[in-house]
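Hi,

Here is the structure I promised to send over. Have a look at it first, and my notes follow below.

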Amino acid sequence: SATIIDGKAFAAGLRARIATGVTAFAAAAGRAPGLAVVLVGEDPASNVYVRSKGKATREAGMVSVEHRLPADVGAEALLALVADLNADPTIDGILVQLPLPKHIDEQAVIAAIDPDKDVDGFHPINAGRLATGSAGFVPCTPLGCVMLLKSVVPNLSGMEAVVVGRSNIVGKPMAQLLLRESCTVTVVHSRTRDVRAHVGAADIVVAAVGIPEMIKGDWLKPGATVIDVGINRTEAGLVGDVDFASAVGVAGAITPVPGGVGPMTIACLLRNTLVSAGRREGVAIDEAALDRAGA
Ligand code: NAD
């Protein structure tokens, strides 16, 4: 039976390393790192995310600033707030909670964020930096996936990896990260002819589809490492994109849902915010030590 990759424990360790890093940063810079979160409207799920991000930010010893704007706010007012946050020297990270109401152009808002404060890593400049191998910010969920992956397979070089899903926030940056780790990467998506055949050839499977339990155990190559990004609410409770019950007997290692990738996303947001603060104030942050469990 597969090794269960404990994302909850990894995230707790990462958050502890971040808190230590925040103390050292504050001693050197004379201030704590600051993260600003902007929420437009009353979407209940977004509300929960924003609240837990604020709580985790404060628990890490950072300053959390929340801006809540009404659902009918004009694009100009939102862009003006982003401009203020860009100019604020105490703010190291800016996150605009998605999705935005339909009357606002999401891409335009993301593009207005200073790329060097874009701790979500959604700005096209940061997507370009990731693709070309220069330092920027990597989207939090795929960043967390790679950390979990490397906790069980430290050297990914030459491995066959399949990413299921091609969204801008998970699938595409995940594929770039695996490429950076020298995997041979295949991205499959809704138009792929034979998803199962690709999955069956992979040493590493990252599932980011949003279809409950789509990937079955008998699709997998025995011993494969499976990272399940899916968070699907069903009558049976929270399930991933992988059928855990059948996959756990075939995979070599697998993330559970919940308790796998989920807890890593906010931890990586805090990590990116600390890294941003270090870069902006010229305080050295050992990123490799932060990202490695047990470091
Ligand atoms: P998305 O809807 O933007 O993208 C889904 C992708 O799956 C698309 O690229 C599509 O082409 C592909 N797809 C759809 N049907 C397919 C099929 N039959 N076969 C192969 N590919 C198919 O979703 P997303 O934002 O990338 O999120 C994916 C999942 O991950 C969701 O369950 C979401 O809730 C979850 N998620 C979790 C976290 C986290 O853990 N913190 C963060 C983001 C997303």
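What distance separates the centres of domain 1 and domain 2, taken over C-alpha atoms? The answer is 29 Å. Please keep in mind that this is a predicted model, in which local features need pLDDT of at least 70, side-chain atom pairs count only at pLDDT 80 or more, and totals for chains, interfaces and linings use all residues. Residues are numbered from 1 along each chain as its sequence is written.

The two domains

Domain 1 covers 29-114 and domain 2 covers 140-262; such bounds come from an automatic or database domain assignment.

The core

The largest nonpolar core has 90 residues, and Val163, Val164, Val205 and Val206 touch the most other members. Such a core is a set of buried Ala, Val, Leu, Ile, Met, Phe, Trp, Tyr and Cys residues joined through C-beta atoms within 7 Å. Buried means 20 or more other C-beta atoms within 10 Å of a residue's own, exposed means 12 or fewer, and partly exposed is in between, with C-beta atoms placed from the backbone. Helix 10 (residues 262-281) gives the largest share of this core, 9 residues. Domain 1 and domain 2 both contribute residues, so the core lies between them.

The ligand and His189

Around the ligand there are 24 residues, the closest being Gly165, Ser167, His189, Gly210 and Thr265; a residue counts if its C-beta atom, placed from the backbone, lies within 6 Å. This shell divides into 11 nonpolar, 12 polar and 1 charged (Ala, Val, Leu, Ile, Met, Phe, Trp, Tyr, Cys and Pro count as nonpolar, Asp, Glu, Lys and Arg as charged, and the others, Gly among them, as polar).

His189 sits in the loop between strand 6 (184-188) and helix 8 (195-200). With 13 other C-beta atoms within 10 Å, His189 is partly exposed. Beyond its neighbours within four places in sequence, His189 is in contact (C-beta atoms, placed from the backbone, within 7 Å) with Gly165 and Arg166.

Best wishes

Conventions. Helices (H or I, at least four residues) and strands (E, at least two) are DSSP runs, numbered from the N terminus. Two residues are in contact if their C-beta atoms, placed from the backbone, lie within 7 Å.
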